[in-house]
Each structure stands twice: as structure tokens, then as C-alpha cells.
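Please read the following explanation with the sequence and the model side by side.

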Amino acid sequence: MSRLRVACRHRFPTGFDLDIDFETEHRTIALFGPSGAGKTSILMAIAGFLSPDAGHIAWRGRVLFDSAEALSVAPDKRHLGVVFQDQRLFPHLSVEQNLRYGQRRRQGSAGAPAFDRIIEVLDLRALLERGPGTLSGGESQRLALGRALMSAPELLLLDEPVAAVDEPRRGAILSYVDRIIHEWDVPTLYVSHHRAEVQRLADWVIALDGGRVVQEGSPEEVLGAAGLARTNGEPVNLLRLVRPVRSPDGAWLASVPGTRGEVSVRLPHRDADPSDPTYVQFAASDVMLARGEVAKLSARNRFPARIEELVPRHGHIFAALSVADQRLWAEVTNDAVKDLGMAPGVEVTCLVKTAALEVLE
Amino acid sequence: MLGLTPAEWTAVTLSLRVALWAVALSLPFGVALGWLLARKDFRGKILVETLVNLTLVLPPVVTGYLLLRLFGRQGWIGGWLEEVFGLQIAFTWWAAAIASAALGFPLMVRAIRLAFQGVDRRLEEAARSLGAGRIDSFFSVSLPLARPGIIAGAVLAFARSLGEFGATITFAGNIPGETRTLPLAVFTEMNRAGGGASSTRLAIVAVLLAAGALAVSEWLERRGRSS
């Protein structure tokens, strides 16, 4: 049973108050919230690098920290793997020695992933002899992931694993994280302030703000309408596409898998073949809505959608839409809502310019 | 080489032996204290820092005198060593090594402390998260990363030992073949009629040794910076 219980109260010298309490049995948990919400502090408390003023932390029934009993298991005895935001690779060791560091010292009961398989999945084979100082941001992050995995952690703690990577490479790192979680089926706690990442990876989301848990639930619930009202930030659309094919004019088309007929999406121009599945991301403000017949229009991507909910926010309205079985957001004005007669249950056509799509590898 | 007489050679090799032992004796304490001062805050830290640095500012003769009071046959430690083990420290080459160690210690600790301060504590946390205990993470991460600074500190203490005079002559005397190190030999020859040539030869060796130690220390520092 992968039960994680975290209750802690801590006052930082800066005056920031952390007061959270949650318990979950999900395997891929995201701590989601704006920066300064206390996400990393919670991760550090679980890892054993922050001793809360008061609290209780237990994983799979094993108490790691309990202030009432003056109990705090040393970080090296907690059997957790940590991927720090700043990676923290050992500069005096080669890539291979970094990977082997945890392997030699692992104490967890979990079976150790095979070294060869890890370097294959994370594409580290060509880098083994090099020093960490010579690696790019993405390579360093893969090494940090591999090093944590090699210690056979019972729970993997990831602190904003894409934050230190350049924007275009982030999707690639996410794919590696995705592969690791699925291949080794390792329970994971993932810290992020990025909606699309959380939506893609997590099966349970704990939303934080100002050192408090503001909501817990499935990604759909927390990142959906109710969550939008509670957390800051704009909703981001993430659409999962399958079976990319090249059209006669050279562009790539991919399908939205769904129950209500398939919808085809045209991907922006690219050199490499897209992966399958492929994820595209776009802002709610890049989505137009139309009712009835759409005349000739330059926007290439049109999906039939149904309005589920209208959420007022920042003087605009965010329309929650279902496209096949996926959720999208469109930002519209009050005026447009009235003019088009938009209401929950109304069928509309979603229009998105191909240029607004960002493909996440 | 350099036309040194057997007595002069003895002084040079004795100096090297004394300096090596001085470093070997003080290095473990230097590493422990350097780490403690770099990483821990404790009551009486200022007192410890003052004691460590005391020999840097005390006249070496005073240091030698204090060592003599401590390790002499009537001293706290010396009396006990003689009674229990029949050992005599003062006026042996061990005294010369202890005197050198005392004088070089502040320099060594300073360099090692700086080296540990330069080691990123977050790397030690990473080691802990990978299953390394405190001692393991010290030896597998902190110590290797501080190594260039530790070696530089050792070289500095070694060079300081080669030049030690005041504390040595007070605590160890000026016994040919036993405690007459290079600086003491230069001093003795200078005061002897017709000893000018010998002083010059010894002075040249002293310059070469000092320059060599500085060059090694500089090289280590550069290598430490580039890696």
C-alpha cells in the first residue's frame, strides 16, 4: 500500500507559515501551486532536509518524522530518491560514477533497476565517461533522474525537474520522466507550478497556495473549473494526439482520440517526425469559438466541442469545453457569451490557429 | 650536489624530515578543525579560533618556551610521558617537529577551512538522499571536493616548517644531527669564523626549497580552480 501521510507546521525565519496536512494512496502525486506556495519545503521535509516545527510524516506505514515522539529518520535511511531542482551532480565524479553512487549505497527493499536499462531509457550511454560539468541542462537532468533511480527509491521526489532546462527541451525531459514512472512503476511525488506538466503526469493533484492545501483531487477536478477559481494563473490547454500521419502537402496531421468521432489536428511545421502520442499545448486565449456553419477561415484546426461550464475570471470568461473526452479552455468576453448564446450544454466549434500550437516532445 | 658537506646535508635532510613529520602530525587535526570551523557554530568558537591562530602572532620564541614548559621533563605532558613511557621529547628532533607543527598549524587550518567553506553543502544533501551516512558523505563528497585546498594547506605548513627557527632553538635546542635544521645551521655557520661559504650554500638550498614549495602550492591551487 503506497500511503503517504504528510502533516507539518513550520514557521520560517522570513515569517512564512507552512501548515499542511494531506494523505493519499495515489502513485503519481503532484504538488501544484505558484512559486512561494511551500511546495519545495514540503518535499524537503519528506526527504529529511527540513525539520518542521511540528508534524508527522509517514510513507507506507513507516514513520519518517514525528515531532511528538521526537523522531526523525536520517535522510539516508528514508529510502527516497530526490531529484533536486538544481540537480546537484557530483563534480568530482564521472557520469557513470554519479550513477553508481546511489547503487552502492541503496538500502531500500525495492528492486534495483538495471544499470544498462537506465542508461538506455535515459540515453546516457554516450555520456558515461564525461564529467557533469560538460553536460547540457537536459543531459544533467537526465543524469540526476538516473542517479536517483539507481538508488532504488521506494518513492521518487521530483522538484520542478524541468525548471533548469531551456524551454524547447522541457517536453523532452517530461517524456523521460513519463517513461521512468511507467517503466519502473515507481511512486512519484512531483512538484510543479506548471499546469500542463501536472495534467500530463499526475493522477492526483494537491494544490497549494500560501503554505496551505487549497484543494486535492484528480487533475481534472483540480485543474478544471473549480480549481481555476482557487488557484492563480491562466488555464493552459494540453491536447493528447495519436497516430500522426503526413498529409500530401507535407504537413503532419494527428488525431484526437475520442468517443465522439475523431478530430484531426494540423501540427506546426517541424523537421523531426512527431512521437505517438504527441502533446500540443496552447493558451486559452488562442481558442476561438463559433456557432453554426463556419465560413472560409484561415484557422486550420476546428473541433466540435460542447460547453461544460462558464467560469468568470479577471473580467473575462473561461469556457470549459469537452472535445472528445478531453478538456479544453477558451477565453472569451462577456459580450461574446451573450452574442453567441453560450451556456453549458451548447455545442460550438473550436478554432485554433496552427501557429498557436506548441508541440511537446 | 652544490658541494654540500656531510654536516650540511644532514641539516637539509633533517629539515625535510622534521617538516614532513610536522605536516603528517598536524594534518588530521587540521582537517578536523578546518571542517569544524567551516561547518559548525558552537559555543566558544571564537576561543578556539583564537587559540588556533595564537602562534601566528606570538613571537616564535615564546611559543617554543611554552612548548618547553608543556613538554619539558617538569611539564604537564612531558613529565607524564617520561614517567609512563620513559619518553623524552624536549631537545630531540621530535621537539623540532612539534614546534614546526605548532607554527604551521594556523596556516594549514585557514586553508582547509576555506576549502570546506567552498564545498557546496547541497551536494552533501544529495549524497545523503542517495543513502550515504554523515561520515560516508564526508569521505565520498566533502573531502574529495576540498582536497586541493587541503593539499595547499599542507604545502603551506610544510614551507613554514622549513623556515622555523625561534621555537625550534628554544624547545629543541641546536644539536648537530638531531635538531640543527637548515635555518639553525645557517645561523650557526654565520656565527662561526670562516662559515660564510657554508652559510651561502645552505641559503641557496633554502631558497630552492621555498621556491619549490610555493610553486607546488600555486600549481595545486590553479588545478583546483580549473576542475
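Strands E10(A) and E11(A) form a hairpin with two residues between them, and A:Gly210 in the turn has a positive phi of about 55 degrees. Strands (E, at least two residues) and helices (H or I, at least four) are DSSP runs, numbered from the N terminus. Strand E10 covers residues 204-209 of chain A and strand E11 covers residues 212-217, and the two pair in the antiparallel sense over five bridges. Two strands are said to pair if DSSP finds at least two bridges between them.

The model is predicted: local features need pLDDT of at least 70 and side-chain atom pairs count only at pLDDT 80 or more, whereas totals for chains, interfaces and linings use all residues. Residues are numbered from 1 along each chain as its sequence is written, while chains are lettered from A and ligands numbered from 1 in the order in which they are written.

Another hairpin of chain A is built from E1(A) and E2(A), with five residues between them. In its turn, A:Gly15 has a positive phi of about 100 degrees. Strand E1 (residues 4-11) and strand E2 (residues 17-24) run antiparallel and are joined by eight bridges. Within this pair, A:Arg9 stands opposite A:Asp19 in E2(A). For strands in general, a regular one has side chains that alternate between the two faces of the sheet.

Is A:Ala70 buried or exposed? A residue is buried if 20 or more other C-beta atoms lie within 10 Å of its own, exposed if 12 or fewer, and partly exposed in between, with C-beta atoms placed from the backbone. A:Ala70 counts as exposed because it has 6 C-beta neighbours inside 10 Å. A:His79 also has a positive phi, of about 60 degrees, although it is not a glycine. A:His79 lies in the loop between E6 and E7 of chain A, and it is buried because 21 other C-beta atoms lie within 10 Å.

The contact between them takes 11 residues from domain 1 and 11 residues from domain 2; two residues are in contact if their C-beta atoms, placed from the backbone, lie within 7 Å. On the side of domain 1 that touches domain 2, helix H5 (167-184), helix H6 (195-201) and helix H8 (225-230) of chain A each supply at least two residues. H6(A) gives the largest share of this side, four residues.

Among the buried residues of H5(A) are A:Ile173, A:Leu174 and A:Val177. H5(A) is followed by A:Asp185, whose phi is positive, near 50 degrees.

Chain B comes to 10 helices and zero strands. Its C-alpha atoms fill a box of roughly 70 × 45 × 30 Å, taken along the principal axes, and buried residues make up 44% of its 227 residues. Helix H5 of chain B (residues 93-117) has 25 residues, which should span 36 Å, and its end C-alpha atoms are 35 Å apart, which agrees. Because 20 of the 25 residues of H5(B) are buried, this helix is largely enclosed by the rest of the structure. A kink of about 45 degrees lies at B:Gly104 in H5(B), shortly before the proline B:Pro106; the bend at a residue is the angle between axes fitted to the seven residues ending there and the seven starting there.

Finally, the two chains meet where 18 residues of chain A are in contact with 13 residues of chain B. Strand E7 (80-83) and helix H2 (95-105) of chain A are the elements that give two or more residues to chain A's side, and H2(A) supplies the largest share, three residues.

Key
Expected span 1.5 Å × (residues − 1).
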